[in-house]
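Hello,

Here is the structure we spoke about. Please open it alongside this note; the findings follow below.

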Amino acid sequence: MTGGTFGEGTPPTSLIGRDSELSSLRELVTPPYVRSTIRALLGAPGMGKTALLSEAVRTARSADVRVLQTAGRESEQDLAFAGLHQLLRPVLDRADGLAPRQTDALRGAFGLSAEPAPPDALLTGLAVLNLLAALSEDGPLLVVADDTQWLDQGSLDALTFAARRMDAEQIVVLLAMRGTVLPAGFQRDFPDPLILAPLSLQDAGRLLDAQPQPPYSRTRERVLSQAAGTPLALIELSKAAAADPGAGRGWAAEPLTVSCRLTEVMAARFSVLPADTRAALLLAAAADSPDLATSAVPGISADTLAPAERAGLIRMGAPAPEFTHPIVRAAVYQAAPFSERVTAHLAIADTLHSQPDRRAWHLASTVMAPDEQVALLLEDTAARAQKRGGAVAAARALERAAELSPDDEERARRLLWAARLALSAGQADWVHELSRKALTLTSSPERQITARLSMGWSLLWSRRNAEALDTLLAVASDVAPATPAIAWDAAGFAVTAAYQSGSPVALRRVREAIETLESLPPGEESAHPAEERPATQTDEYRIWIRACIDPFGDRAEAIPLLREVADGPVVDLGIVGAAAWILDESELAVSLLREALSRLRAPGIRGGSGAVLSALQWACIDSGRWNEALDAAREAADIAAAYKMETVASAADLAAAAVAALRGDHARVAPLLDRALAVVDPAEMRGFTARALQAGGLDALAQGGYTAAYTKFRRLFEEDGTPLHQHVSYLSMADLAAAAVRVERGREARELIQRALALVDPAPGPRLEQIRARALALTAEPAEAEERFFGAMANPVGGTWPFERAQLQLDYGEWLRRQRRVNDARPVLSDALETFRRLQATPWVLRAEGELRACGVSVQDRETGPKLLAGLTAQQSEIVRLASRGLSNPEIAERMFLSPRTVASHLYRSYPKLGVSGRHQLRDLFGPDPV
């Protein structure tokens, strides 16, 4: 068994000890492909991943399967979209058949457009998906990526984005990477990796026996011991022992890892080559490019490299020589002294004037001291990568440019630029490191503030709310007297951390900071130095901060200020819309957030829509627009995947879980909640914990699990009434009461609710008034209950939250029926049933129908949407809903970031389950959301 680069030039090999893995891969890549399949192949260096991929490629090609291949390279991991370009280069002519925006995005990513479109990770990923889907229409397609640990981040993100959305296409995706555990972020996409374990002792012996000169006796024992079941090590160490029988005697005295031992063996083989061959091989190792023609660099030729080919270090092929394994390339490069590596890089750079990015990195490898000229070349590389959407590649170039900057202020400037790019790529820890370095270098007050704000944002981004709060409040305090606009900016981010944490201490600290800001005389407004924010946002931040700290307090002042801000020239619609949502101005919130989202959907700025979508999904749930909420949650999940926003992804899962619970889609609730909470520290993110308890409690309530529901809702409050979260907890008070009376703990719940209500403003607004009235009515004595019910029902504003109003009507109708006031109960229950049916809240539909029957009303059963969708997957359900609204397959595909083929396949499989023959019959199954 050998390592090496997969491809047509790789000769067939006998893969000893890999029968099951080889059988699995051959079965996977042999057509027909019923649906798309994705598989990751893991293993330590030398385990045979490349050899297995080669066999998979050979099997596929023999069955007339089209194959697209790429491989990560150490030298290219900082070149934006280099790996993706290698993969798609043979089929780029097909890109013109994509939607124009997708074509522009893909060509822009590859730098093939004179004026590339603004970078957009979603459009690039969608372009890759639809290009591969179009190719699969011609026949089955195998996509193979080796050494993905070295793929540039842009390529890896686009490929995984597309892969996770494949379904009905005839596509198999194989990715091989080093290690035995999937990297963070891959678990969701590749849940069942094929892991290559070391060979058994028996198979290791068989592999040694298959070598031209197998080792025996003590030498054999040393080879087996040193190789530790690694196929490549068994082969190469047996060669080393055959060439020098005494080589193995020192191995036991020098314990090394398998990779280090292999590197040592390869370096020894390299060192005995002729001088001109060593020089040529070092040039090839430094270039590390599949496009390096042997004639392109002086000193490289087939004749010169022939001894290296005979030594098994390379394979000669067109257009470039290939190292038999990445370990060989690393050994050759590391074996040469630095001065020789510099000479090699300079020689290669001299041939790359038409490829300035590669040239800049080669020149950067030749200097150890500051060099502004090379730093400027890297900065130009970063600008090009940024323009094409390669944020990570751009940030890496700027970080290296900063290392080479002679001037500390220039170094700080480049580091802060890199930090902004790293933040857009979701690399929070890297942002913190870059900003911290910049802070130690700069004496500029503006850059110091920018660095500190970046550190605060990175902490907030990575859900380290306590640290974020400390950092951001310190910035607000330090800059408040001179630049209050920046102080309000910092406070606005700080309160986001406080809201997410739900910590009373954090909320109090922000309140104290705001009181200090409010007491300052008006200062000269100035834009945020890092983000160039307009300077008229003080009132917008003020209302956002007030909403987060005390959503139910002092509404007599808060609501007029909110409306005044909303009616003016709003700078940040997202902040104002989110404040309106928290303050229960739901209709205003939906309007503002929709408008903000329409602006943020433009190419190049779509990554900023994650927070807006998170607020919109909850505002839509509150206001009865549940289908729109699911649309927002799905889009938020896609945004989060493209831009590495785990908080946004978790919030989307929580919203989807809430709607699933309300509609009785019970099988989906627990997996969504588990996924949402997997990256959340409950102590740092009480808001998320409260949402999960809320959704879990509703799910239990819908299924009649009243004890479980009470247990979950009860955790939203401490014994003294202190809420787990200052906003979310209060929204479940009535559901807590409903569960409590079912388990005969109504008095206990009533006392707890009264203690909790004593902590908020006496006039907390119509929504909480309605929730409070329902909670107290459910737990009241009969003489008091009707007054509570009737008082809440009398306020028409409560209809702004239709599900909560319908719950109130259902409870009141049940109470009236128990009081034998059947005639009074019927119209109330009928109104509730109508709302539940419109919302497709199946568990509550069934309860309302049952109550009406008990009142003597003949209720005709209706197959509501959720009942019909029960047999569909979540994705099929969403596609069916969109099709019922009249959207075409391409329109659904673009909205859901799928291929049209996948949409068509899902619809075709859904029709029999729904009892319909075509999409024209879907419209009657689903009621529209409110406008």
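Helices α29 and α30 cross in a left-handed manner. This is a predicted model. The two axes, of α29 (residues 626–643) and α30 (residues 646–663), come within 8 Å. They cross at roughly 155°. An angle over 145° counts as roughly antiparallel, so α29 and α30 are roughly antiparallel to each other.

On the α29 side, the contact is made by Trp-626, Asn-627, Leu-630, Ala-633, Ala-636, Ala-637 and Ala-640. On the α30 side, Val-648, Ala-649, Ala-652, Ala-655, Ala-656, Val-659, Leu-662 and Arg-663 take part. By class, the residues of this α29–α30 contact divide into 13 nonpolar, one polar and one charged.

Helix α36 covers residues 766–778, and helix α37 covers residues 782–793. Their axes come within 8 Å and cross at roughly 160°. By the same cut-off of 145°, α36 and α37 are therefore roughly antiparallel to each other. The crossing of α36 past α37 is left-handed.

Gln-770, Ala-773, Leu-776, Ala-777 and Leu-778 make the contact from α36. Their partners in α37 are Ala-785, Arg-788, Phe-789 and Ala-792. The residues of the α36–α37 contact divide into seven nonpolar, one polar and one charged.

Now to helix α7, residues 201–209. Which of its residues are buried? They are Asp-203, Ala-204, Gly-205, Leu-207 and Leu-208. What do these buried residues of α7 pack against? They pack against α8 (217–227) and α9 (231–243). As a reminder when you look at the helices: an α-helix has 3.6 residues a turn, so residues three or four places apart point the same way.

Last, the cysteines. How many disulfides does the model have? The count comes to zero. The cut-off is 2.5 Å between two cysteine sulfur atoms. Cys-548 is in no disulfide. The nearest cysteine sulfur to that of Cys-548 belongs to Cys-620 and is 19 Å away.

Is Cys-548 buried or exposed? Its relative accessibility is 0%. Buried means under 20%, so Cys-548 counts as buried. Cys-260 has a relative accessible area of 40%. That value lies between the 20% and 50% limits, so Cys-260 is partly exposed.

Over to you.

Best wishes

Conventions: Residues are numbered from 1 along each chain as its sequence is written. This is a predicted model: local features need pLDDT of at least 70, side-chain atom pairs count only at pLDDT 80 or more; totals for chains, interfaces and linings use all residues. Side-chain values use heavy atoms; hydrogens and water are left out. Buried means under 20% relative accessible area, exposed over 50%, partly exposed in between (1.4 Å probe, protein chains only). Axes are lines fitted to C-alpha atoms, for helices over the stretch in contact, and angles run from 0 to 180 degrees between N-to-C directions. Helices (H or I, at least four residues) and strands (E, at least two) are DSSP runs, numbered from the N terminus. Angles under 35 degrees count as roughly parallel, over 145 as roughly antiparallel, 65 to 115 as roughly perpendicular and the rest as oblique. A crossing is left-handed if the near helix is turned anticlockwise from the far one by less than a right angle, and right-handed if clockwise. Contact means heavy atoms within 4.5 Å. Ala, Val, Leu, Ile, Met, Phe, Trp, Tyr, Cys and Pro count as nonpolar, Asp, Glu, Lys and Arg as charged, and the others, Gly among them, as polar.
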